[in-house]
Amino acid sequence: QRRVHGDSVAPTYPSQCSALRKNGHVMLKGFPCKIVEMSSKTGKHGHAKVHMVGLDIFTGKKYEDICPSTHNMDVPRVKRKDFQCISLEDDGYLTLMTDQGDTRNDVQVKDPKLWEEVKAKFEKNEDFMVTTLSACGEESCIAVKNVNTGAR
């Protein structure tokens, strides 16, 4: 299980709870999540409390939290990048090429359905790109799309 605390401080920034929005990102229970539901209600002493439901951006697991609207919450710095896939290993790791022509082989496809899609495209010799999300020192492949070769 990945948790973020202690010396391995995640690349996050503080944001007031009331400034967070649905479809934005927030750290819930130490995990980088996409906010799927938000509601606010008045607490016992008249202060607004915000109830948030988020899905872990890597596993899809659901997390919830309640926070006073004036408090700060950590927001993960989420980066989204596209790479061309040039080979794959049986363990789900991909060899990817960056726009600069460098290769890297440290990104894994964790979703079984997505892995089947990647394998099928690779076996058909299709040119395709993969989209990765990175946050809190973790990176994973989250989508696949065909490359428009333009030669038609």
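A short chat about side chains follows.

A: This is a predicted model, where local features need pLDDT of at least 70, side-chain atom pairs count only at pLDDT 80 or more, and totals for chains, interfaces and linings use all residues. Residues are numbered from 1 along each chain as its sequence is written, and side-chain values use heavy atoms, with hydrogens and water left out.

Q: How many aromatic pairs does a search of the whole structure find?

A: One. Phe31 and Tyr63 have ring centres 4.7 Å apart and planes at 15°, so they are stacked (Phe, Tyr or Trp rings, Trp by its six-membered ring, pair with centres within 6.5 Å; planes under 30 degrees apart are stacked, over 60 edge-to-face, the rest tilted).

Q: Is Phe31 buried or exposed?

A: Buried, at 3% relative accessibility; buried means under 20% relative accessible area, exposed over 50%, partly exposed in between, using a 1.4 Å probe and protein chains only. Tyr63 is buried too, at 11%.

Q: New topic. Which residues have the most contacts inside the largest nonpolar core?

A: Leu94, Leu96, Val109, Val118, Val130 and Cys141, in a core of 14 residues. Such a core is a set of buried Ala, Val, Leu, Ile, Met, Phe, Trp, Tyr and Cys residues joined through side-chain atoms within 4.5 Å. A second, separate core of 13 residues includes Phe31 and Met73.

Q: What joins the side chains of Glu139 and Arg104?

A: A polar contact of 2.4 Å (N or O atoms within 3.5 Å; within protein, one able to donate a hydrogen and the other to accept it, and residues adjacent in sequence count only if both atoms are side-chain atoms). Another, of 3.1 Å, links the side chains of Glu139 and Thr132. Glu139 is buried, at 18%.
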